[in-house]
Amino acid sequence: MRNIVLFIRRYFNFLFFLILQGFCLYMLFNYNRFHQAVFMNVANEYTGRVFKQFNDVEYYFKLKKTNDSLVKANERLYNKLKLDFEIPDTINKFVVDSIKIDSLEKYRKFLYMQAKVIGNSVTLPNNYIQLSRGIQQGVTKDLGVLDANSAVVGTVIDVSSNYSVVMSLMHRQSNVSAKLKKSGQEGSVTWDGQPNEVILKGIPKSIVVKKGDSVVTSGFTDRFPYGLLIGTVTDVIIEKSSNSVTLKLKTAADFYNIQFVNIINNLKKEEPQQLLKKVKKTNE
Amino acid sequence: MSSLVKNIIRFIFFILVQVFVLNQIPPLHHLINPYIYFLFILWLPFKTGRRTLMVLALLLGLCLDFFTKTPGLHAAPCVLIAFLRPFLINVLVSHEGTEANYEEPSIKSMGFVPYFTLVVVLTLVHHAFLFLLEALQFAGVWYFFVKTFLSLAISLLLILIVELLFVRKQRFRTNTA
């Protein structure tokens, strides 16, 4: 017993070092599984405030670019207005059935919420964006995030009461289901470390892909509806050993200049999720 | 200014510079990621105890981690260099009395070559451990070596500039004063 005490006293500094290292590594390797375990929610609230202060200043320097992108977004929306379209022949009218049947009624599926970007990183190996909108403003986990021009930015992964953290496309674990707009071939978009560049994998060699083709969301997940732009093809890499090609994409969202985003809340995601769960249960 | 106040200001300053300047600038290359925040640990007074040093390093690392959303990633290398610092200082400080007469490690108190050996070794250890942890999670050997050496070079350049721009006045303390 005495020897153990002596041993501990003699090597106390080293043991203390090992304990601290263990603590750090435990946090590092458990972060992805237990966000709450490492006080991240509390910390986000405080870092959020600091980021907000910084962004108040930084925002002024980016006003021009932000303004330009908002003008573009407006243009796009104006082009979608009903006023822009006319029926060519006034005698032929569209007839709308006035009997209300439930199945014909429109319901809202996606709700857009704007949010201000207060913290953004582009140079780190895993990049996150911090938004000043949290649980109290209707944000929950696993919602999709778009920039002002409806290009995919990422997914909400953590929320505190007033702030939320988004895993951007430039994150090693980011995985977005995508389609080639032209051929409809499906694949998944991941990141390999280059800023403003993502890769699309799983496209068979038989599909003809050209530089400049657009890649859009597939609509198979409940986060994003079909057809939101992710990026355009800049390079086609043919892998000799496999039957598929890897596409390099330039992201449609410019991650260096991002001041406002839209969070999409899918209001109808419970039903398909429950159905899936049921199917899984019956198969077990 | 008392040593405590000075170090608290340094702590905040280094975290802010790292988060809002060095992590924000468009990178020269995606494998270059300069770090200077750990100079805080190197600049702590000679008389700081080992355990205090390690706890302060843990706090510094965690503080940065909460900003970059990677809990533990920077804290682990910081604790490691805090653990190694006293050994290195013992080896490198040649003449008697440096630790008693000067407050903290700097070019003036230790001499140019010993001080920069300390900086280079600890920066290398910090970067190697940091990028090793990163490489373990998602990349390979090549990523680890290239990123470590490129980032090391740029970080050292920045540290040299910092040392030349902000000369820390070191008073020679004697018992009579």
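1. The axes of helix α2 (residues 12-30) of chain A and helix α4 (residues 75-92) of chain B come within 9 Å of each other and cross at roughly 165°, where axes are lines fitted to C-alpha atoms, for helices over the stretch in contact, and angles run from 0 to 180 degrees between N-to-C directions. That angle makes α2(A) roughly antiparallel to α4(B), since angles over 145 degrees count as roughly antiparallel, under 35 as roughly parallel, 65 to 115 as roughly perpendicular and the rest as oblique. The crossing of α2(A) and α4(B) is left-handed, a term used if the near helix is turned anticlockwise from the far one by less than a right angle, with right-handed used if clockwise.

2. The model is predicted: local features need pLDDT of at least 70 and side-chain atom pairs count only at pLDDT 80 or more, while totals for chains, interfaces and linings use all residues. Residues are numbered from 1 along each chain as its sequence is written, and chains are lettered from A and ligands numbered from 1 in the order in which they are written. Helices (H or I, at least four residues) and strands (E, at least two) are DSSP runs, numbered from the N terminus.

3. The contact between α2(A) and α4(B) is made by F17(A), L20(A), Q21(A), C24(A), L25(A) and L28(A) on the one helix and by A75(B), A76(B), V79(B) and F83(B) on the other, two residues being in contact if their C-beta atoms, placed from the backbone, lie within 7 Å. By class, this contact has 9 nonpolar, 1 polar and no charged residues; Ala, Val, Leu, Ile, Met, Phe, Trp, Tyr, Cys and Pro count as nonpolar, Asp, Glu, Lys and Arg as charged, and the others, Gly among them, as polar.

4. Taking the two chains as a whole, 25 residues of chain B are in contact with 27 residues of chain A. On the chain B side, α3 (50-68), α4 and α7 (112-138) each supply at least two residues, and the largest share, 7 residues, comes from α3(B). The residues of that side divide into 15 nonpolar, 6 polar and 4 charged.

5. Within chain B, α3(B) and α4(B) pack at an angle of about 155°, with their axes 8 Å apart, which makes α3(B) roughly antiparallel to α4(B). Their crossing is right-handed. Among the residues making the contact are L53(B), A57(B) and D65(B) of α3(B) and V79(B), F83(B) and R85(B) of α4(B), and the contact divides into 13 nonpolar, 1 polar and 3 charged residues.

6. In chain A, 6 strands close into a barrel in the order β1-β2-β5-β4-β3-β12, with antiparallel pairing, and the twist averages 45° from one strand to the next. Strands β1 (residues 110-120) and β12 (residues 260-266) of chain A pair in the antiparallel sense over 7 bridges, strands being taken to pair if DSSP finds at least two bridges between them. The bridge partner of F110(A) in β12(A) is N266(A). Helix α3 (residues 40-61) of chain A packs on the sheet and touches β1, β2 (128-131), β4 (152-159) and β5 (164-168) of chain A, its direction making about 75° with that of β1(A).

7. Elsewhere in chain A, 3 bridges join the antiparallel strands β7 (residues 186-190) and β8 (residues 197-204), with S188(A) opposite K201(A) in β8(A). These two strands, β7(A) and β8(A), form a hairpin with 6 residues between them, and G193(A) in the turn has a positive phi of about 110°. Strand β8(A) is also joined by 6 bridges to β11 (residues 244-251) of chain A, again antiparallel, and I199(A) has K248(A) in β11(A) as its bridge partner.
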